[in-house]
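Subject: Handover of a structure

Dear colleague,

Please find the sequence and the structure below. A summary of the findings follows, and I would be grateful if you would read the two side by side.

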Amino acid sequence: MRTSRLRTVHPVLWTGWAALAAGAVLCVVGWYGVSGERFAERQLPYLASCTVPGAALIVSGAVLLAHGRGSIAAARVEELYGLLVAAEPDGPQGRAETGQAALAPLAVSGEQLMVPGGTLWHRADCPLVAGRAEAVPVDSKLVASGELGPCPICEPTGETD
């Protein structure tokens, strides 16, 4: 998904950079031509043929670059949304029969873990700590003192091991 969207964005970025470069070259040529002429009537052709189109190319290149970067950001948001939607359960256990979106719990393990230096405690199968080697069992003293709060993702119960 990401590569197909970004392949259409890169030509826009390259075109923007090319327009900026061509506009800068035209502005320099126009300035050089104007600076060599003493009379205003001889400077006008340089302004009309180089400087004005050069400025237009610089503006259009800036617009293309802004559009290309916005498209890249939109592609990344779409990719993240796709990952988020793919993580939701599709089965009947994830949706209520009434049509309301009642999602199944993300983690159901009874074992509770924490990351040293963290502020939350999690179920062992919570995506935030699953597979992390530094995750250790929860110290019930930290939970009782209020130093650790429950994870809003896996919503562990208040009973610690």
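At which residues does UniProt place the feature "transmembrane region"? The unreviewed UniProt entry places that feature at residues 12–34 and 46–66; positions from UniProt follow the numbering used here, feature names are shortened, and annotations may be inferred rather than shown by experiment.

Some notes on the basis of the work come next. This is a predicted model, in which local features need pLDDT of at least 70 and side-chain atom pairs count only at pLDDT 80 or more, while totals for chains, interfaces and linings use all residues. Residues are numbered from 1 along each chain as its sequence is written, and side-chain values use heavy atoms, with hydrogens and water left out.

Overall architecture

The chain holds three helices and four strands, and its elements run α-α-β-β-β-α-β from the N terminus on. Helices (H or I, at least four residues) and strands (E, at least two) are DSSP runs, numbered from the N terminus. Both annotated spans are 100% helix and 0% strand: the end C-alpha atoms lie 32 Å apart in residues 12–34 and 29 Å apart in residues 46–66.

Of the 161 residues, 24% count as buried, where buried means under 20% relative accessible area, exposed over 50%, and partly exposed in between (1.4 Å probe, protein chains only). The accessible surface of the chain comes to about 10800 Å², of which 64% belongs to carbon and sulfur atoms; these areas come from the Shrake-Rupley method with a 1.4 Å probe.

The sheet

The four strands form an open sheet of mixed pairing, in the order S3-S1-S2-S4. Two strands pair if DSSP finds at least two bridges between them. Strands S3 (136–137) and S4 (149–150) stand at the edges with a single partner strand each, so one side of each is left without a neighbour in the sheet. Strand S1 (residues 112–114) pairs with S3 in the antiparallel sense over two bridges, and Pro137 in S3 is the bridge partner of Leu113.

A nonpolar core is a set of buried Ala, Val, Leu, Ile, Met, Phe, Trp, Tyr and Cys residues joined through side-chain atoms within 4.5 Å. The largest one has eight residues, among them Leu113, Val129, Cys151 and Cys154. A second, separate core of five residues includes Met114, Trp121, Val143 and Leu148.

His122 has its place in strand S2 (residues 120–123) and is buried, with a relative accessible area of 6%. Leaving aside neighbours within four places in sequence, His122 is in contact (heavy atoms within 4.5 Å) with residues including Leu113, Val129, Cys151 and Cys154.

Salt bridges

How many salt bridges does a search of the whole structure find? The search finds two, a salt bridge being a side-chain nitrogen of Lys or Arg within 4 Å of a carboxyl oxygen of Asp or Glu.

In one, the side chains of Arg42 and Glu37 meet at 3.9 Å, N to O. Glu37 lies in the loop between helix H1 (2–35) and helix H2 (40–87) and is partly exposed, with a relative accessible area of 23%. Not counting residues up to four places away in sequence, Glu37 touches Arg42, Gln43 and Tyr46.

In the other, Glu134 and Arg132 meet through their side chains at 2.6 Å, N to O. Glu134 is partly exposed at 38% relative accessible area, and Arg132 counts as partly exposed at 38% relative accessibility.

Yours sincerely
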